[in-house]
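Colleague: I'd like to learn how to read a few features of a model with you. Could we go through it together?

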Amino acid sequence: MSSMNGQRRLGSGTFLLLVILLGAFGPISTDMFLPALPDMVDEFDTTAAVMNMTLYGFMFSMAVSILLLGPVTDKYGRKAPLVICLAEYVVTTLLCAFVHDVGILIVLRVLQAIGAGAAMTLSTAFVKDCYSGAIRLKILNIVAIVGVLGPLLAPIAGAALISLWGWRATFIAPAVIALVCLVLALMLDETLPDGERVDGGLSDMLQGMKQLCCTPSFLVFTVMICLFNLPFMAYLSVSSYIYEGMFGVEPVAYSLILATTLIVGTVVMMLINRLTGNIVKRRIIGLYLVLGGFSGIATLLVGDTAWYVFFVCFSVCVAVNITIRPWGMGILMASHDGDSGAVSSLINFMFFLIGCIGMVLSTLPWKDYVFGLAVLICMSSALYALLWTVFKTGRMELKGLDGTSSEVSERR
């Protein structure tokens, strides 16, 4: 591995560890305490709807943090924002572990998300700063794998911590990880030289995003590829109530089921990518609609009969969400040369914002949570079909949409 900019006082292996840990801040901040949500509702003497504000408040705050902190670090460098945000994360996360009021917990989670968003943003920025060519691609693939493994392993680790020391341990553990990252960050030299920083004020930094927001084809397609994150994040926020409350599954078993759901989704993603690699991307859009619609209807009809039936029905939706995001990002990156940072920030912002909306909608007074998720999948599928119709009738174009997967990869 070679550094492109500056010298690091950290060894290459330690630096890579820091990058990987920063990329995992989202899952360790949210998925780790999911198995404890039912117990936390009882301990705080509140409702599931109120407790879930700790999830979607975090998600919305992290989305805004990702959107804004990327341009900020392009102007002011990487190290100082990282150190400040990690210190803020450590303090707010530790406070979460010892709070006894749900309102204060919600506020702390919103503040905690600022540090988590900065960590995830800078994980990608460090890869861009310090690696090039095939090495950069290899590191990005490692970070992507961690992005999948994080939601798989975090609930399992959380369940183990809860069984030993209670739910408060699921906040102490991320704080310790963040403290380790903070120490490493203090040892890190700046990776973005002064000559490569963005000039001007915040309005200049956000100009590229403004131009993208004024491009109808970009906006419509971005919303399309993020829509299935709405039922997915809704699932994460209520899955413990479904498996533990409705179906009587034990917390440890629940964490294993949640991990298996993501494993199945990842396997189906690999299968879809393999089967559709040489098909023009425009023609694959209908496949995601069919799979999403099937998942919604099946969950609506039979999802409440047994936990394993619900598991199978919803796993199809998980597979669509896992597959469509990188597929769509590849198209958008290939269609907007030279502004990949702005494209990445806006896609991630929209992804988490729509996921936050899903978390809010999951707590509406549905007949039961399974029914609510089924409705949200069907709604997302219908909106997906509507936006694709708008895209076609409006004669919108994205050049990356007319190639195959291999052709888009070559252009990138």
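Colleague: Which residues of α1 are buried?

Modeller: Buried means under 20% relative accessible area, exposed over 50%, and partly exposed in between, with a 1.4 Å probe and protein chains only. Helices (H or I, at least four residues) and strands (E, at least two) are DSSP runs numbered from the N terminus. In α1, the buried set is Phe15, Leu16, Leu18, Val19, Leu22 and Gly23. They sit on the same side of α1, because they cover an arc of only 155 degrees around the axis; the arc is that of the directions from the helix axis to the C-beta atoms.

Modeller: Before we go on: this is a predicted model, where local features need pLDDT of at least 70, side-chain atom pairs count only at pLDDT 80 or more, and totals for chains, interfaces and linings use all residues. Residues are numbered from 1 along each chain as its sequence is written, and side-chain values use heavy atoms, with hydrogens and water left out.

Colleague: What does serine 123 touch, not counting residues up to four places away in sequence?

Modeller: A contact means heavy atoms within 4.5 Å. With those sequence neighbours set aside, serine 123 touches Val19, Leu22, Gly23 and Val143. Serine 123 belongs to helix α7 (residues 102–130) and counts as buried because its relative accessibility is 1%.

Colleague: Which residues have the most contacts inside the largest nonpolar core?

Modeller: A nonpolar core is a set of buried Ala, Val, Leu, Ile, Met, Phe, Trp, Tyr and Cys residues joined through side-chain atoms within 4.5 Å. The largest one has 122 residues, and Leu22, Phe25, Met40, Met51, Phe221 and Trp327 have the most contacts inside it. Leaving out residues up to four places away in sequence, the partners of methionine 51 include Leu37, Phe44, Val102 and Tyr241.

Colleague: How many salt bridges does the structure hold?

Modeller: Side chains of opposite charge can pair when their charged atoms come close. The criterion is a side-chain nitrogen of Lys or Arg within 4 Å of a carboxyl oxygen of Asp or Glu. The structure holds one salt bridge, between glutamate 43 and arginine 168 (3.0 Å, N to O). The pair links distant parts of the chain, 125 residues apart: glutamate 43 is in helix α3 (residues 37–43), and arginine 168 in the loop between α8 (133–165) and α9 (169–186).

Colleague: Is arginine 168 buried or exposed?

Modeller: Arginine 168 is buried, because its relative accessible area is 17%. Glutamate 43, at 45%, is partly exposed.
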